[in-house]
Amino acid sequence: MRTIDRYLSGMLLRGYATVVVAIVVMLALENLPRLSKAFEHVSAPLPLLGASLLALLPEYLAIANPVAIYLATAWTIRSLTLRGEWQVLAATGMRPARAMMMPVFAATLATGLQLAVRADLQPRGERRLDSLLTAARVGAFGIDIPLGRVVAVAEDTDLLVEPGVDSGFRAFIRHGAQTMTAERAEISRDADGALVVLLTQGRLVVSNEGQLRATTFGRLTLKIDDRTAAPPAVSPADRMDRLTFTELWPLIAHETARGGRAPATSSLLARVQNALFCLALPWLALAFAVPPRRSAGGPAILLGVVLIVVNLRTSALVEQLFSDMPVGSAAVHVGAWVLCVVALIRTVSSREEGAVDRLIGDIGAKLAALRSPRSRRLSPVLA
């Protein structure tokens with residue numbers, strides 16, 4: 001039995017690691033353009049991109065972990081079935097519950113990992129990313145303005161920076177009806193993210209009803225509201241997601257004493273429910289992974305991934321809409337999912353092997369049959 005457990009553990013571990021790496025890489029590539037745009041005007045964007053992706057790693061892991069434990073279990077069961085090894089285990093008298101011991105143990109570890117990530121690592125990572133984006137927005141990492149090219153820094157403002165004397169910069173600015181040139185310019189951002197341009201030894205030209213008025217100045221400070229540097233709006237649910245479990249407890253105690261809406265309690269219960277759902281994934285894999293006889297099967301496995309996504313969405317929806325009764329709504333949500341999973345597993349287990357794959361195949365055949373008469377009616381016309 002230990003040999004069988006080690007064999008199953010190796011298959012589960014390889015499948016789990018493959019899925020986690022694949023999902024993390026795909027999510028990182030998906031967010032790379034957005035992060036690149038956020039850091040396109042800093043002096044050294046590559047280290048900031050690396051730090052941002054590292055801060056997002058816990059969030060990616062929280063997404064990949066349940067999908068990985070489900071797919072690893074499903075692929076293991078399907079591979080054993082196609083090679084006849086799953087049937088051999090059943091023929092030796094091994095009960096399904098005993099054969100599923102290693103997948104259930106792996107799911108228990110995944111539940112603990114999911115709870116740890118959602119409780120502490122993910123909130124810290126999101127706060128770290130927020131601090132990096134805010135620092136870049138206010139110019140803490142420098143402002144990379146391309147030299148010799150006109151840049152539209154605001155709706156009514158264009159900026160041109162060229163090399164000047166003594167390693168400085170010269171600037172040409174069109175700001176509404178005003179045009180400014182200066183022999184030296186220093187550019188920074190204030191706490192609100194607005195560009196602050198300090199001009200020295202320059203000339204100001206103002207256009208007023210077709211009349212031009214020019215004047216010279218020694219020092220001039222120009223503040224330009226950069227809309228692209230505005231901080232992103234953060235919803236109350238997002239603010240709660242940035243708090244760890246230890247930071248949520250005082251808020252939960254205050255909500256309990258005050259009554260009314262309890263977003264902190266809802267946030268904690270949503271994370272706990274998300275972690276506990278990992279315990280059901282091996283059994284969903286058992287229901288969907290076994291292919292029909294004399295067939296490779298496979299499409300039914302995708303239904304489990306769909307259920308994971310639906311569970312995540314419904315959990316977030318309950319957290320947002322029913323924060324005035326968090327415990328009751330969370331209990332109803334968990335109970336509904338338990339009944340759904342149990343009913344689904346019993347229904348599939350009471351039918352022949354690969355029943356879900358066969359059902360998907362039948363639906364596909366019926367859809368193809370609905371299209372074929374139409375194509376036969378159109379063929380003479382086309383001829």
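A residue is called buried when its relative accessible area is under 20%, exposed when that area is over 50%, and partly exposed in between, with a 1.4 Å probe and only protein chains considered. At 46% relative accessibility, Met325 therefore counts as partly exposed.

The structure that contains this residue is a predicted model, in which local features need pLDDT of at least 70, side-chain atom pairs count only at pLDDT 80 or more, and totals for chains, interfaces and linings use all residues. Residues are numbered from 1 along each chain as its sequence is written, and side-chain values use heavy atoms, with hydrogens and water left out.

The protein chain has 12 helices and 6 strands. These elements are DSSP runs numbered from the N terminus: helices are H or I runs of at least four residues, and strands are E runs of at least two. Of the 383 residues in the protein chain, 39% are buried. The accessible surface of the chain comes to about 21800 Å², and 64% of it belongs to carbon and sulfur atoms; such areas come from the Shrake-Rupley method with a 1.4 Å probe, and for residues only the protein chains shown count as cover. A contact means heavy atoms within 4.5 Å. Among contacts between residues at least 6 apart in sequence, 64% join residues at least 24 apart.

Two strands are said to pair if DSSP finds at least two bridges between them. Strand E4 (residues 178-189) and strand E5 (residues 195-208) run antiparallel and are joined by 11 bridges; Gln178, for example, has Val206 in E5 as its bridge partner. E5 also pairs in the antiparallel sense with strand E6 (residues 211-224), over 13 bridges, and here Ser207 has Leu212 in E6 as its bridge partner. The hairpin of E5 and E6 has 2 residues between the strands, and Glu209 in this hairpin takes a positive phi near 55 degrees.

H8 is mostly covered, with 10 of its 14 residues buried; among them are Leu268, Arg271 and Asn274. The cover over the buried residues of H8 includes helix H5 (101-137), helix H6 (236-241), helix H7 (245-258), H10 and H11. Helix H9 (residues 281-289) is also mostly covered, with 7 of its 9 residues buried, including Leu284 and Phe288.

Leu129 lies in helix H5 and counts as buried because its relative accessibility is 8%. The C-alpha atoms of Leu129 and Leu53 are separated by 8.5 Å, although the two residues are 76 residues apart along the chain. Not counting residues up to four places away in sequence, Leu129 touches Leu35, Ser52, Ala55 and Leu56. Val334 lies in helix H11 and is partly exposed, because its relative accessible area is 35%. Its C-alpha atom is separated by 9.7 Å from that of Asn274, 60 residues apart along the chain.

Leu317, Leu321, Phe322 and Met325 form a nonpolar patch on the surface, with about 380 Å² of accessible area together. Patches are made of residues with over 30% relative accessible area and no salt bridge, where like charges are joined within 9 Å and nonpolar side chains (Val, Leu, Ile, Met, Phe, Trp, Tyr) within 5 Å; a salt bridge is a side-chain nitrogen of Lys or Arg within 4 Å of a carboxyl oxygen of Asp or Glu.
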